[in-house]
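Please keep the sequence and the coordinates at hand while reading.

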Amino acid sequence: MEPSEHLFRHEAGRMVATLTRIFGTHNLTLAEDVVQDAFCRAFEVWKVRGVPENPSAWLMATAKNRAIDVLRRERTARTFEPELSRLIQSEWTLTPAVEELFATSAIKDDLLRMMFSCCHPRLGEESQVALMLNILCGFTVDEVASAFMSTHAAIEKRISRAKKALASSKKLVEVSSISEFSPRLPVVQRALYLLFNEGYHGASPENAVRVDLCREAMRLTALLLEYPDGAVPATYALAALMHLDAARLPARVDDLGNLNSLFEQDRSKWDLKLVAEGQRLLDLSARGPELSEYHIEAAIAWTHAIADCAENTDWENIVSLYDKLVSIRPSPVVALNRAIAIAQRDGPERGLKAIHEIRDSDRLATYPFYHAALGEFELRSGGREAAQEHFRTALALARNPMERQFLTRRINACERGTSLPGVADAR
Amino acid sequence: MSEYVFLYRGGEAGRSPERVQQSMQKWMAWFKDLGQRGHIKDQGQPLERTGKIVKGKQKSVTDGPFAEAKDIVGGYTLIEARDLEQAVELSKGCPILEVDGGVEVRPVMKLNM
């Protein structure tokens, strides 16, 4: 039997979560070592004997046996929870106690507990996302660094600080307690949103990494939806948004490795299954009065998904959705996307005007697609030289070869004087 | 056909779950290929990386590990090949070589006179 794709990555999160519940958050490293050990055993045995019928159960049982060894060995050297410390002192109670802690019913919520614990309010959003990738998704520091296009040292520092914060929380968040669950839910949603966005819009040049991040975000969001307290309209909207955006992923990069904007994409490559699932989730999100930013973003993605080309898109609707989004979560990037929608609706001059009206536009100064949008609108209103200037600025800021290639094509377009039907937005 | 033992030395699985899985899948594919071509006599067993060493007339017992991690034998396979040259060729597909490990190819002594 072949192991399922990313089996180890996904099991890593579940196993670390369970072991951390048992050992305590201050023994996170110990939990990670036990998991590592279980993977090494699986590696050695499975490569010869093949993957067992139920690989998850095999791995968890191996981790359990290892945990018993560790508790026996470390019962005097380390501190565990008082209740556990008492039970592991005697051989009569040690094994039954650990068996109970590993019972299927006990480990059921561990991944969710860990997910909520990673979103520690004292941590910045970037640290929460890095920690989730490291602990829940089994990404090593190097893998997180390459996903974020950051250095090993920077990510290691961020993750080790985040782990300290986690360790100081003593216990994992108790997800069955609504008073612990509810306040942290929006933080978790936000972190999942950022994780997805990092994959979707992020700076990493490696396509495979990006898709992995999107997939992990969708997997964890699906887990959150399995819990009645987590399956609130905003979570459904978040899941809908991810599906509708992910549907466009196959068309974002063409066969030659070129990045294609929404306007250039071959829409026949959009994944209709994801669109359909996105629609189903969007319907489920429309319960109750709550209108979250995820609802609006999902509605925008939906409006794109049902249009057969850029010209036939309901830009009127998209502009009004961006107006709402600006009022809920104002940000220069949102305002930039709004300006792009206005240009589609009212023409490039109005688009330029909207861009110039963006407050805090200095925060977009290093964002290549800010300059690319300016270039595109100039080009479309006939200012070829000004357009080229903007594209050159954008090119200097480009973060990966795909972006550079995209912008070089735009600079060449200025020389030919041909503008694309669309704009620079790389969504 | 003659018999050969492949002894796998060193070659840690690494710390990344994704890498461990990829490496495992390479091993499985390699074994499958060798098996389909009729070269596997016995797929062998993985060995623990710890143990004891018993030595000399005093029968002194010491703990493993016995050598540097890179030299520890982690498992073995019994292979059938035409000759040593072919056995060596077969060993070159072993995924352990990608992670700084090595394969020791040893002919099994023929006892029939």
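A nonpolar core is a set of buried Ala, Val, Leu, Ile, Met, Phe, Trp, Tyr and Cys residues joined through side-chain atoms within 4.5 Å. In this predicted model, the largest such core has 115 residues. The residues with the most contacts inside this core are A:Leu19, A:Phe23, A:Leu112, A:Met114, A:Met115, A:Phe116 and A:Leu224. Helix α2(A) gives the most to the core, with 11 residues. A second, separate core has 30 residues, including A:Ala251, A:Phe263, A:Ala341 and A:Tyr370. As a general background, nonpolar side chains in soluble globular proteins tend to be buried together.

Once its neighbours within four places in sequence are set aside, A:Leu224 is in contact with A:Leu112, A:Met115, A:Phe116, A:Phe181, A:Leu185, A:Val188, A:Gln189, A:Leu192, A:Gly230, A:Ala231 and A:Thr235.

Helix α3 of chain A, which comprises residues 55–74, can be considered next. Among the buried residues of α3(A) are A:Leu59, A:Met60, A:Ala63, A:Ala67, A:Ile68, A:Val70 and A:Leu71. The buried set also includes A:Ser56, A:Thr62, A:Lys64 and A:Glu74. The cover over the buried residues of α3(A) includes α1 (7–23), α2 (28–49), α4 (82–88), α5 (91–101) and α6 (104–107) of chain A.

Where do the two chains meet at a specific side chain? One such place involves A:Glu143 and B:Ser16, whose side chains are joined by a polar contact of 2.7 Å. A:Glu143 lies in helix α9 (residues 141–148) of chain A. With a relative accessible area of 15%, A:Glu143 falls under the 20% limit and therefore counts as buried. Its side chain also reaches the backbone nitrogen of A:Thr140, at 2.9 Å. Not counting residues up to four places away in sequence, A:Glu143 touches A:Arg9 and A:Gly138 in chain A, together with B:Ser16, B:Glu18 and B:Arg19 in chain B.

Chain B contains an open sheet of 4 strands in the order β2-β5-β1-β6, with antiparallel pairing. Strands β2 (40–42) and β6 of chain B stand at the edges and have a single partner strand each, so one side of each lacks a neighbour in the sheet. On average, neighbouring strands of this sheet are turned by 35 degrees against each other, direction ignored. Strand β1 (residues 2–9) of chain B is joined to β6(B) by 6 bridges, and the bridge partner of B:Leu7 in β6(B) is B:Glu104. Helix α1 (residues 17–36) of chain B lies across β1, β2 and β5 (73–81) of that chain, running at about 175 degrees to β1(B).

Most residues other than glycine have a negative phi. B:Lys59, however, has a positive phi near 55 degrees, and B:Asp100 has a positive phi of about 65 degrees. B:Lys59 is found in the loop between β3 (52–55) and β4 (60–63) of chain B, whereas B:Asp100 is in the loop between α2 (84–91) and β6 (102–107) of chain B. B:Lys59 is exposed, with a relative accessible area of 61%, and B:Asp100 also counts as exposed, at 74% relative accessibility.

Key. Residues numbered from 1 in each chain as written. Chains lettered and ligands numbered in written order. Predicted model: local features only at pLDDT ≥ 70, side-chain atom pairs only at ≥ 80, totals over all residues. Heavy atoms only, no water. Helix = DSSP H or I, 4+ residues; strand = E, 2+ residues; numbered from the N terminus. Expected span 1.5 Å × (residues − 1). Buried < 20%, exposed > 50% of the residue type's maximum accessible area, 1.4 Å probe, protein only. Contact = heavy atoms within 4.5 Å. Polar contact = N/O pair within 3.5 Å; in protein donor to acceptor, adjacent residues only side chain to side chain. Pairing = 2+ DSSP bridges. Axes fitted to C-alpha atoms, helices over the stretch in contact; angles between N-to-C directions.
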